[in-house]
Number of protein chains: 2
Amino acid sequence: MTTSFSADRTDAYDATRRTARSSAVPVVPSRSSRRSAGVDQMVLDEAGFWGRRQGVNRANTLAHCQEWMERLGWLENFDRVGRGDETVERAGWMFSDSEIYKLLEAMAWELGRKDDDALGASFDALVARAAAAQDDDGYVSTAFGHPGLEPRYSDLAMGHELYNLGHLLQAAVAQLRSRGEHELVQMARRAADHVCREFGRGGREGICGHPEIEVALTEFGRATGEVRYIEQARLFIERRGHGSLAVRPLLSAEYFQDDVPVRDAESLRGHAVRALYLSAGAVDVAVENDDDELLDAVVRQWKRTVERRTYLTGGMGSRHQDEGFGADFELPADRAYCETCAGVASVMLAWRLYLASGEVQYADLIERTLFNVVATSPSDDGRTFFYANPLHQREAGEEASAGVNMRAEGGTRAPWFDVSCCPTNVARMLASLSAYVAAVDDDALVLMQYAAGELRLGGFALRVETRYPEEGRVRVHIESAPEKEATLRMRVPVWADGATVREPGAPARTVVTGWLDVRRIFTPGDVVELDFPLAPRFTWPHPRIDAVRGAVAVERGPLVLCIESTDLPAGVGIDDVRVDTAAEPRADGDGARVRVDILDPEPPASSCPPFGAPAHPTVRDEAEITLIPYHRWAERGPSTMRVFTPAADGTNTPTVEVALQP
Amino acid sequence: MTTSFSADRTDAYDATRRTARSSAVPVVPSRSSRRSAGVDQMVLDEAGFWGRRQGVNRANTLAHCQEWMERLGWLENFDRVGRGDETVERAGWMFSDSEIYKLLEAMAWELGRKDDDALGASFDALVARAAAAQDDDGYVSTAFGHPGLEPRYSDLAMGHELYNLGHLLQAAVAQLRSRGEHELVQMARRAADHVCREFGRGGREGICGHPEIEVALTEFGRATGEVRYIEQARLFIERRGHGSLAVRPLLSAEYFQDDVPVRDAESLRGHAVRALYLSAGAVDVAVENDDDELLDAVVRQWKRTVERRTYLTGGMGSRHQDEGFGADFELPADRAYCETCAGVASVMLAWRLYLASGEVQYADLIERTLFNVVATSPSDDGRTFFYANPLHQREAGEEASAGVNMRAEGGTRAPWFDVSCCPTNVARMLASLSAYVAAVDDDALVLMQYAAGELRLGGFALRVETRYPEEGRVRVHIESAPEKEATLRMRVPVWADGATVREPGAPARTVVTGWLDVRRIFTPGDVVELDFPLAPRFTWPHPRIDAVRGAVAVERGPLVLCIESTDLPAGVGIDDVRVDTAAEPRADGDGARVRVDILDPEPPASSCPPFGAPAHPTVRDEAEITLIPYHRWAERGPSTMRVFTPAADGTNTPTVEVALQP
């Protein structure tokens, strides 16, 4: 770790002056005082919560994804177009190209994090195969625009051509920022130029049914210094919401976010990943254009979405049908879709909003989503994944097929999917995780997330020692610091009531949630110690959420806990228990134990089951049971699971203050 | 009404001896002591609840359906195949043929009910167009098997060819039983013969992805006296459940009920209409073959489905995705799919189970489903329809498009749908409604449902006077009766605690729910009077139904009531009220009034909205509000609506009896 860091942010945004490793982060707004840690600036401890996952991602997931794409012919698609072969039917969905690009993005961040000849050679070989399929004018697709395939842009609503190209650009950004120029970057330039020619002023007035090109063009414009790419992104954003996409059965204009212009919408809606990618792109475009109206529109939508359309886990997307957001407060636990990709996309959006505003709420949601959606998806070995992340599994599924899994549900992690967007999305997020952990904001070094590791950023070199989230203590060892007054800004999570800080030479003091600034002239050897209370706590749903009325969840620090059938006494099902909320939950490892009533499993009789007179289930026993972190559920085989469990008093509104009007 | 009725059931089942009008009912089991009233044997009063709907169906819905199918080219599909025209692209889905056949079935019942030259001419003309498309070997399809189309039976999973043919056979049954031989019946014979040749022993071992051919072949076999059709149905039933259908993304073997053989399954599952049609066919096959194991399997599945997978309305199907059943107790109110067709199919199944067993529970579910699903779908004028029937509408939709509606949701009735199975299903059910109203069982005349009208059946001629379900009094006037002791069997609905009966010359007495037998020698002029208590009542969900925990519904007689935003005070939303269950609901017209708390609409603050500390919504007012019958909701324009509303005490388990084990 000898790379020097320049705090001069104008330097960082001038593509012509950028060195390969000066800003190896996915998003670098031109007009922000904040910038994240590059992939090489935050080195996570391999034994830590995130360091371990990042290591598994590098060691296993990247090769796993590549093997599957080779096996299924998704890579061969490029080879075939490259050699002009029309004889064999194309493999995979029309968006399979994007998976190769997302894998390349993940590899590029990993190579930026730590070089490796074998990985580099794999990367180069994949790029060569993809580049061979590129047309002379920059267009690249294995699903359209070649003999035997439909014509270019003949199905903007569902063709995903620009979506695919967007992921190509994002991969190129990763390469450019982490290692510099490369055949991939040249390929991306040609593609971006093609998009601008084809869809720029005077060209096709269309948009892509799946947003992604917007966020990609903006960042590629930032990374290359080409403002016209950003302008093209702006055009795509402005064109959307006017019903130009061809709707078809079950795919409404809302599904595509083509019902209302971004700047007029009140909430995220429709297909969740589409909505979140679009919003991320809109933030980027707004920031680059000083377009406060557009930025405010996204902030307003985000706020409403978080308050009314977001799960306790941070998961988004209430409907399997449409993979979409539901109405306000439509948050079923059992049919929560909470696609892993929507979790990744939500982190992308919240992070951009943090960079634009510096507000702590975005970092809080990122933490919630990282620990309870992103960390939930991959198995310990990084070779199987959850696609959907429900908060209630009613029936234990079967072990996932070792082959391609058709369905995104069932309560088991699967190695690959028919639509397999999630594995590579997890891979690129874990590879670039450092960006979300730390940032600089003027002369402040900001610790947004807590992960053991070493950080060199903003003139600081420091070591973060912690077993977070298993333990609540975080020790920040200053190894070097600016020789003038500077700020160490640390996030006291929104859940951390009663947190304390101990500054060098001072006794511990209680701090409030939000940003905690420690401002002083730091000297090497200084230690700032945070203590976050990790006592498990009950969390209640908003009374308008019908789906979990009368039920309660248990959280511990940033972790949502769950009851898994595996941990229940023999003969007791997850629906046979009611939590006694009069007794506080007790900590147990990184989980908790709670008192429960065990109910008679036989449904009580009713005149018209399952509806009739009030039911009086019989409590046949009491017990203390274990809850584990949600992100670890189903690791011990198919099971049933609940995050929200009915409370023994049957209510989440224990006392109502009545304020009658006269 | 001069048709004589023969009580000799062997007569009714011998096709060679049947007169056109002797058994004009959709289902005539060979081995049952029970038989329903024919369409001409129960004449409903045009002013009554069902008579009015039957009249509107005849006057408006039949022509409405025909016009749409003409307009969209679904009829032209037949013409084009008939003349061998390959030039124009086929209109509609591959199952659009079935809609013509379902319309023909409805028309045939209506013609059996009351002749009409114009309707008869329309019928004949439609049949001629369909018949012109039939191949010489009996195969008929406008979607497969002709130049420019895929080959016959090349997509058994989703091609719907046998499904379409099944509806052809059902239409032919209606024609044969209500009016006798006809070109349609000949066409159906040729088709049924083709199916037996193609899929019989030694032929294709396949099954159709959408069950329907099974129930149709059995009945067509009964109606024609051809046992081999019934045997072919048996083969289809037995072949199912062995995973022979090609699953594809999002369409699992369970979706097709091809995961487990019918006789081994524990519950209905997968696509609801498919599951219900299959089960109806399985009952028919079981009854014809004295196959108690198969019949018991369906009874077991029905019982579990009704106890755990059925809505208060009788609606079935909890998921939009897959249009399917969910897991046990997965009964979300807002995302209830409850497809109208599944309601029709549930009536079909329950009715067959009644005929097989004589048990009253099936008639109870039929009542629930007729009043709260089937009656809910069509608008007053029979020209718009609900496709899905949710129990909670969170957002007022837009007025349905006057064109083809893409979506099955939105809270407004629509004139037609992209997949438009429901209008014709409602039409054929209303046209044949008499079958579900009355039956004979040996020497008993059974009144299963209460509808004003005149009935000649089982040696009885009687007049039913009632304004049910608006009023609870039912007067049965005997106009003629067998001259020996006979039984009048009347259903005391499961909800009718405290019902009374007054037999001729006796004082009123209280009766228990279930079948009520009045056995005597009836004489003309005798009146039997039933009084069902119609006080509105609170109904609570089973505590395992997470989706409506802590909420309560109001029912009145057979009607489920609902709160519609249209009836709330200005500024009060359906989610701003909580029902005070300490005060009994009061009757109001055919609805009710209940006391409610009106809550402050602002969501209370929470550390991480919408989850956090227990919320204490503020009660800003109290009021009495109106509930209307669910079947009438959304008649006054787009609105929001709830069947289950949170109870003010926040619990549906007020007192729990604790029975601790030592």
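View 1. A nonpolar core here is a set of buried Ala, Val, Leu, Ile, Met, Phe, Trp, Tyr and Cys residues joined through side-chain atoms within 4.5 Å; buried means under 20% relative accessible area (1.4 Å probe, protein chains only). Helices are DSSP runs of H or I, at least four residues, and strands are E runs of at least two, numbered from the N terminus.

This is a predicted model: local features need pLDDT of at least 70 and side-chain atom pairs pLDDT 80 or more, while totals for chains, interfaces and linings use all residues. Residues are numbered from 1 along each chain as its sequence is written, chains are lettered from A in the order written, and side-chain values use heavy atoms, without hydrogens or water.

**View 2. Around Trp50(B).** Skipping neighbours within four places in sequence, Trp50(B) is in contact (heavy atoms within 4.5 Å) with Leu44(B), Leu370(B), Phe371(B), Ala375(B), Leu430(B), Leu433(B) and Ala451(B).

**View 3. Thr310(A), tucked into a loop.** Thr310(A) sits between α11 (292-308) and α12 (340-357) of chain A, and is buried at 2% relative accessible area. Its side chain reaches the backbone oxygen of Thr305(A) at 2.7 Å. Leaving out residues up to four places away in sequence, Thr310(A) touches partners in both chains, including Leu331(A), Pro610(B) and Phe611(B).

Methods: Buried means under 20% relative accessible area, exposed over 50%, partly exposed in between (1.4 Å probe, protein chains only). A polar contact is a pair of N or O atoms within 3.5 Å; within protein, one must be able to donate a hydrogen and the other to accept it, and residues adjacent in sequence count only if both atoms are side-chain atoms.
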